[in-house]
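Have the sequence and the 3D view open, and follow along section by section.

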Amino acid sequence: TIFENEPKNSIMKRARYLDIAVYSFGGLYALLFLFVAATRLFYPYEIEWNEGAVLDHAIRILDGKPIYTAPSLDFSAFVYTPIYYYVTAIVMSISGVGLYAGRLVSIISILITAWLIGRIVWRETSSTLLAVSGSLLFIAFYHLSGFFYDLVRMDSLALCLVVAAIYSTLYSKRGHILAAVLVALAYFTKQQMLFVWPALALC
C-alpha cells in the first residue's frame with residue numbers, strides 16, 4: 001500500500017535492484033563458504049578438537065575393529081551412533097585415510113541440504129528468488145554454526161538426512177515410508193535428530 005501511488009516501472013525497478021542485491025550478497029556468501037571449505041579440506045591437522053577422535057572411529061571400521069567396545073587407554077567410543085563413521089570409512093576406502101575424507105562428507109551434505117531447502121521454498125512459493133534466497137541464507141549461517149558445516153563431525157550429514165526426510169514427507173507420493181527411513185538414518189547418525197520425528201508423524 002505504501003507504493004500504491006508509485007509508477008509501476010519504478011516498483012519493477014526496485015524489485016530488480018532487490019533481486020540483484022539478493023543474488024550478489026547471497027552468492028558472495030556461497031563463494032566465501034566454498035573458498036573457506038576448500039582451503040580447510042586438505043588442512044592436515046585438526047580444526048576442531050573432536051575431528052581426530054571422530055576419524056579414529058572410521059579408521060577402526062576400515063581396520064575391521066568394533067567401535068562400541070570396552071573403553072581403554074587406547075580407545076573409548078563417543079556416545080554417538082555410527083552411520084557417519086561408516087560413510088567416512090567408505091570414502092577413505094577410495095581416497096585414502098585422512099581428515100579430508102570426513103570433511104568431504106560434511107561439505108557434500110551441506111550442499112545437498114542447501115539445495116533441498118531451495119527446493120522446499122520453491123515448491124511452497126514458486127519463486128526462484130525466494131528459493132535461491134533460502135539456500136543462500138542457510139549457507140550464510142556458516143559462521144553462526146561455529147564454522148561446523150565442513151568439520152569431521154556427524155552434524156552436517158545428520159542435518160542433511162533430516163531435511164531430506166522433511167522434503168519427502170511434504171512432496172513424495174510415498175513420502176511417509178521414505179521419511180521414516182531417512183529419520184532412522186538421521187537418528188543413527190546423531191541421536192538428537194530424533195526430535196523431528198513427532199512433527200513428521202503429525203504431518
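Predicted model: local features only at pLDDT ≥ 70, side-chain atom pairs only at ≥ 80, totals over all residues.

## Thr 81, a loop residue

Thr 81 sits in the loop that runs between helix 2 (51-62) and helix 3 (83-95). Is Thr 81 buried or exposed? Its relative accessibility is 10%, so Thr 81 counts as buried, the cut-off for buried being under 20%.

One is with the backbone oxygen of Tyr 187, at 2.8 Å. The other is with the backbone nitrogen of Thr 189, at 3.4 Å. With residues up to four places away in sequence left out, Thr 81 touches Tyr 68 as well as Tyr 187, Phe 188, Thr 189, Lys 190 and Gln 191.

## The fold as a whole

Now for the wider view. The protein chain has eight helices and zero strands, so its order of elements from the N terminus reads α-α-α-α-α-α-α-α. The C-alpha trace spans about 75 × 40 × 25 Å along its principal axes.

Of the 203 residues in the chain, 40% count as buried. Among contacts with a separation of 6 or more, 67% join residues 24 or more positions apart.

## Aromatic pairs

The aromatic rings are worth a look next. How many aromatic pairs are there? The count comes to 10. One of them joins Phe 33 and Tyr 142 edge-to-face, with 5.0 Å centre to centre and 80° between the planes. Phe 33 belongs to helix 1 (residues 8-41), while Tyr 142 is in the loop between helix 5 (128-140) and helix 6 (155-171), so this pair ties together parts that are 109 residues apart in sequence. Both Phe 33 and Tyr 142 are buried.

Another pair is formed by Phe 78 and Tyr 80: their ring centres are 6.3 Å apart and their planes meet at 85°, so this pair is edge-to-face. Tyr 80 has 18% relative accessibility and therefore counts as buried. Ring pairs also build a cluster, linking Phe 33 and Tyr 142 with Phe 138, Phe 147 and Tyr 149.

## Ser 135 in helix 5

Ser 135 is part of helix 5, and with a relative accessible area of 15% it is buried. A polar atom of the Ser 135 side chain lies 2.6 Å from the backbone oxygen of Ala 114.

Which residues does Ser 135 contact, leaving aside its neighbours within four places in sequence? They are Ala 114, Trp 115, Ile 117 and Gly 118.

## Sequence distance and spatial distance

Val 54 is in helix 2 and is buried, at a relative accessible area of 2%. The C-alpha atoms of Val 54 and Val 152 are separated by 6.7 Å, although the two residues are 98 residues apart along the chain. Not counting residues up to four places away in sequence, Val 54 touches Val 152 and Met 154, together with Phe 78, Tyr 84 and Tyr 85. Phe 78 is also the ring partner of Tyr 80 described above.

Gly 27 and Phe 75 are 48 residues apart in sequence, yet their C-alpha atoms are 43 Å apart in space. Leaving aside neighbours within four places in sequence, Gly 27 is in contact with Val 22 and Leu 136.

## The largest pocket

Let's finish with open space. The largest pocket holds about 150 Å³. Its lining consists of Thr 169, Gly 175, His 176, Ala 179, Ala 180, Val 183, Trp 197, Leu 200, Ala 201 and Cys 203.

Which helix supplies the largest share of this lining? Helix 7 does, with five residues. Helix 7 (175-187) and helix 8 (197-202) each supply at least two lining residues. By residue type, the lining of the largest pocket has seven nonpolar, three polar and no charged residues.

Methods: Residues numbered from 1 in each chain as written. Heavy atoms only, no water. 1 Å grid on protein atoms, 1.4 Å probe; cavity = no way out; pocket = protein on both sides within 12 Å on 5 of 7 lines; lining within 4 Å. Points joined across faces, edges and corners; volume = space filled by probe spheres on them. Helix = DSSP H or I, 4+ residues; strand = E, 2+ residues; numbered from the N terminus. Nonpolar A, V, L, I, M, F, W, Y, C, P; charged D, E, K, R; others polar. Buried < 20%, exposed > 50% of the residue type's maximum accessible area, 1.4 Å probe, protein only. Polar contact = N/O pair within 3.5 Å; in protein donor to acceptor, adjacent residues only side chain to side chain. Contact = heavy atoms within 4.5 Å. Phe/Tyr/Trp six-rings, centres within 6.5 Å; stacked < 30°, edge-to-face > 60°.
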